[in-house]
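This briefing goes through one protein chain, topic by topic. Please look at the sequence and the 3D structure before reading on.

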Amino acid sequence: MSLVSAVHIACLRFMTVARAQAYRGYIVAWIRDLQVLHPHAPHRTNGHMALHVWDYLQLFGPVRSWWCFPYERLIGQLQRLPINHIFGKFLLCLP
């Protein structure tokens with residue numbers, strides 16, 4: 001539930017210092033609880049990076065003002081295009 005609360009706070013329209021602090025508290029609780037629930041799971045950089053979002057919330061405000069989801073979605077669509085992995089050569093079958 002801590003992760004859901006942190007994501008909810010990060011996605012709000014307005015950011016305050018208290019909300020940023022609450023975000024950090026929820027992320028720290030999520031990482032701590034994750035270690036308790038899955039003690040043998042290896043630590044990933046996701047938790048570390050989630051802690052850095054706190055810095056960005058204080059510097060740039062709400063996530064909506066600086067997230068890159070539209071660009072990531074476009075990159076995902078471009079990655080799914082069929083290609084032949086031969087760069088610089090075009091197929092000359094156009095009329």
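A residue is called buried when its relative accessible area is under 20%, exposed when it is over 50%, and partly exposed in between. By that cut-off, buried residues make up 20% of the 95 residues in the protein chain. The model is a predicted one.

**Overall layout**

- The protein chain contains four helices and zero strands.
- Read from the N terminus, the order of elements is α-α-α-α.
- Consider the contacts between residues at least 6 apart in sequence: 56% of them join residues at least 24 apart.

- Which residues of helix α1 are buried? In this helix, which spans residues 2-10, they are Ser2, Ser5, Ala6, Ile9 and Ala10.
- These residues lie on the same side of α1, because they cover an arc of only 135° around the axis.
- Val4 and His8 are exposed, and they sit on the face of α1 turned away from its buried side.
- The cover over the buried residues of α1 includes α2 (17-37) and α3 (45-60).

**Ser2, a buried residue of α1**

- Ser2 belongs to helix α1.
- Ser2 counts as buried because its relative accessibility is 16%, and the cut-off for buried is under 20%.
- Apart from neighbours within four places in sequence, Ser2 is in contact with Tyr26, Ala29, Trp30 and Asp33.

**The nonpolar core**

- In soluble globular proteins, nonpolar side chains tend to be buried together.
- The largest nonpolar core here has twelve residues. They are Ala6, Ile9, Ala10, Met15, Ala20, Tyr23, Ile27, Ala50, Val53, Trp54, Leu57 and Val63.
- Three helices, α1, α2 and α3, each supply at least two residues of this core.
- Which helix gives the most to this core? It is α3, with four residues.
- Met15, one of the core residues, touches Ile9, Ala10, Ala20, Leu57, Gly61 and Pro62, if residues up to four places away in sequence are not counted.

**A nonpolar patch on the surface**

- Tyr56, Leu59 and Phe60 form a nonpolar patch on the surface. Together they have about 350 Å² of accessible area.
- Tyr56 is part of helix α3.
- Is Tyr56 buried or partly exposed? Tyr56 counts as partly exposed because its relative accessibility is 37%.

**The salt bridge**

- Side chains of opposite charge can pair when their charged atoms come close.
- The count of salt bridges comes to one.
- Which side chains meet in a salt bridge? They are those of Arg32 and Asp33, at 3.9 Å from N to O.
- Arg32 counts as partly exposed because its relative accessibility is 47%.
- Asp33 is also partly exposed, with a relative accessible area of 34%. Asp33 is one of the residues in contact with Ser2.

**Trp67 in a loop**

- Where is Trp67? Trp67 is in the loop between α3 and α4 (69-79).
- With a relative accessibility of 42%, Trp67 counts as partly exposed.
- Trp67 and Cys11 are 56 residues apart along the chain, and their C-alpha atoms are separated by 10.0 Å.

Key:
Residues are numbered from 1 along each chain as its sequence is written. This is a predicted model: local features need pLDDT of at least 70, side-chain atom pairs count only at pLDDT 80 or more; totals for chains, interfaces and linings use all residues. Side-chain values use heavy atoms; hydrogens and water are left out. Buried means under 20% relative accessible area, exposed over 50%, partly exposed in between (1.4 Å probe, protein chains only). The arc is that of the directions from the helix axis to the C-beta atoms. Contact means heavy atoms within 4.5 Å. Patches are made of residues with over 30% relative accessible area and no salt bridge: like charges are joined within 9 Å, nonpolar side chains (Val, Leu, Ile, Met, Phe, Trp, Tyr) within 5 Å. Accessible areas come from the Shrake-Rupley method with a 1.4 Å probe; for residues, only the protein chains shown count as cover. A salt bridge is a side-chain nitrogen of Lys or Arg within 4 Å of a carboxyl oxygen of Asp or Glu. A nonpolar core is a set of buried Ala, Val, Leu, Ile, Met, Phe, Trp, Tyr and Cys residues joined through side-chain atoms within 4.5 Å.
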